[in-house]
Amino acid sequence: MSEATINRPKSAMKFVIIGAGMAGILAGIRLKEAGYSDFVIVEKGDSVGGTWRDNHYPGLHCDVPSHHYCFSFEPWAEWSEIFSSGPEIWKYLDLVAHKYGIMPYIRFNCAAESADWDGARWQVKLATGDTVAADVVVTATGGLRIANYPEIKGLETFAGECFHTTQWNHDIDLSDKRVGVIGTGSTAVQITCALAGKVAKYELFQRTAQWVLLLPNASYSAEEKEEFRRNPDKMRQLYDEFETATYVQTGGAIMGTDPEARAALIKNVQDNLGSVRDPVLRAKLTPDHEVGCKRLVMSPTFYQAVQDPTVEVVTDRIDHIEPKGIVTADGQLHELDVLALATGFDPGAYMRPMKITGQDGHTLDELWAVRPIAYKAMGLPYMPNFFMVEGPFTPFGNLSLIRVAEWQVDYIMKCIEMIREQGVAMAPKLDATLKLVAQYREDAKSTIWATGGCTSWYQDEEGVPIIYPYLAEQFRDEVKAPIILEDFEIGPLTTA
Ligand code: NAP
C-alpha cells in the first residue's frame, strides 16, 4: 500500500456523482459536510430535481406526505398541501441545492457515458468529450427514469398528438379535445383526476384495475405555515409521525406483518371502490388481485373523477391504433385528438445506458447479463469504490425514497472514510453479493408482490420482486450497522 494513498487529506480525494436529483444533491451535501470539496455532480439535464423535473404531467403530486417527503435535516414550512404537487417538490429540491451550496458543483447538460477503473481511480467519460478522474463514483440516477413505450400495433400511425407522460405537451389546449390515456398506475390516476370534466371527452384505457387508497389531501393554512416557521419542532414531529405512518403502518399493512393495519387498509380501498354508484362501472374498476400486490395507488378523488359524465373507462383490450384513434378488441374505434401513454418505466435501467468497466475488465453488462444485482442495493462486485444510491433491491413502494437515500448515503460515507484512511479499493465480493441477492429473491417469492395474483414493475422476468423483500426498517438497521468487512474485497490501489 503506497504511503501516498493512506490517510489522504480530504482535499486530495476526488468524486464524481452522477445525477443532480434528490439523491445527487444529498450526496453532495454529505460530502461537503464531511469536509470534501473536490467533487462534481454531472447532470444530463439543465436543472436539478431529477424525476420532479422530468415529470410535469397535469395533476402530478407525490402520494407521500410532504413533511416526510423531504430531507430529514431540512424541513420546509412552505409546503402548500399535505401531499404536494410535483412543481413544489422540484422547487424545494432547487432551494435545498442552493441553500447548501451545491449548485457550483453541478455540471449541467453533461451526461456520463462511461466509467473505467484504472486500478486506482475511475475515469468518467462525459458526453461533452471530457474525462473526469475520480477516487470514488456515486451514481444517483433514480429508479424510474427511462420511459416504457407500449408495443401496440399502429401506435406510430396515430394522427393526433401522442406522448409518454414524461413528455407531456403543455402547449395543447385540451379543453376541446378528446383525450385518451393508456394505463391505470399512479401516473394515469393523477392525470385522470386533473383532467376529468375539463376536456371534451376523456377515455381511460385500463388493462388492469387497481386498488385505490382514499387519502384526503388538504392545504396548509397561512396560520399553520406560520406556526411551522416559528416552531420547526412541529415539522420534525410531523416528520416522525409520517415516518411511522408510512414505514411502519402502511408497510406492515401491505406486507401483512401488521394484521390490524392490513384490515384497515383493505376496508379503506373496498369502501372507496364502493363509492362508485354505477355497478357496471364499479365492476370494471374492481381489481382481481390482492391489495398491495401492485404499488398501491393513493388518491383523494379518483372514483369521483371516473364518474364524471365526460369520462369513460375502457376495459376492452386494445387491438391496434389507427390515425383516428384506438381500436379495441370489440372492433370499436375510440376517436381521439390526444393520446397520452401512462405506461410506466423500465425499472431495470438504473444508471444504464452508461457503460461501466471495473477491475480486470469486468463490465456492468456482464454482471447484469441475467438481471441487475447489487450488494445491499449499493455496491457492485469488481467495481471498486463505486456506489449506487437506489440500486437493485432498494426498499421501494409507498414510502419516502428520500429517507431511504439518506440511509444509503450514510453507508456510502462510511465506506468513503475507509477508502481515504486506508488508501484502499473496496468492492463487495461476488459470492457475498450473489448470496445476498439469492436470499432476497427467495424471500421475495413469498411477499404479496409475488403471491398477490398480479403482474407489476416490481417483478423481474420470472415474476420475482426486484425490491427489498422486508420492511424498510430492516434495511435501515442493516445499513446503519458496521460494514461487514468480510463481504468485501479490500486491496491496495494499484497505480496511484
Ligand atoms: P406503472 O405503475 O408501471 O403503470 C403503467 C400502466 O400502464 C399500468 O396500468 C399498465 O397496465 C399499463 N400498460 C403498460 N403497458 C401497456 C400496454 N401495452 N397496454 C395497455 N396498458 C399498458 O407506471 P406509472 O403509473 O407511471 O407509475 C410508475 C411508478 O412511478 C409508480 O409505481 C410509483 O412508484 C411512481 N409514481 C409515484 C407517484 C407518487 O405520487 N409518488 C406518482 C406517479 C408515479 P398493467 O397494470 O396491466 O400492467
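Q: How many residues does helix H11 have, and what does it reach from its first C-alpha to its last?
A: In this predicted model, helix H11 runs over residues 401-422, which makes 22 residues, and it reaches 31 Å from its first C-alpha to its last, close to the 32 Å expected at 1.5 Å a residue.

Q: Is H11 mostly covered or mostly exposed?
A: Helix H11 is mostly covered, since 17 of its 22 residues are buried, where buried stands for under 20% relative accessible area.

Q: And what comes just after H11?
A: Just after H11 comes Gly-423, and this residue takes a positive phi of about 65°.

Q: Switching to the ligand, which residues come nearest?
A: There are 23 residues around the ligand, and of these Thr-184, Thr-187, Thr-208, Lys-294 and Trp-457 come nearest.

Q: Which atoms of Thr-187 and Trp-457 lie by an oxygen of the ligand?
A: For Thr-187, a polar side-chain atom lies 2.7 Å from an oxygen atom of the ligand, and for Trp-457, a polar side-chain atom lies 2.9 Å from an oxygen atom of the ligand. The ligand taken alone exposes 910 Å², and the protein buries 85% of that.

Q: What kinds of residues make up the shell, by class?
A: The shell around the ligand has nine nonpolar residues, 10 polar ones and four charged ones.

Q: Which helix gives the most to that shell?
A: That is helix H4, residues 186-195, which gives three residues to the shell around the ligand.

Q: Why does the ligand lie between domain 1 and domain 2?
A: The ligand lies between them because domain 1 (3-48 + 102-146 + 347-492) and domain 2 (155-219 + 257-341) both give residues to the shell around it.

Definitions and conventions. Residues are numbered from 1 along each chain as its sequence is written. This is a predicted model: local features need pLDDT of at least 70, side-chain atom pairs count only at pLDDT 80 or more; totals for chains, interfaces and linings use all residues. Side-chain values use heavy atoms; hydrogens and water are left out. A residue is near a molecule or strand if one of its heavy atoms lies within 4 Å of it. A polar contact is a pair of N or O atoms within 3.5 Å; within protein, one must be able to donate a hydrogen and the other to accept it, and residues adjacent in sequence count only if both atoms are side-chain atoms. Accessible areas come from the Shrake-Rupley method with a 1.4 Å probe; for residues, only the protein chains shown count as cover. Helices (H or I, at least four residues) and strands (E, at least two) are DSSP runs, numbered from the N terminus. Ala, Val, Leu, Ile, Met, Phe, Trp, Tyr, Cys and Pro count as nonpolar, Asp, Glu, Lys and Arg as charged, and the others, Gly among them, as polar. Domain bounds come from an automatic or database domain assignment. The expected span of a helix is 1.5 Å times one less than its number of residues. Buried means under 20% relative accessible area, exposed over 50%, partly exposed in between (1.4 Å probe, protein chains only).
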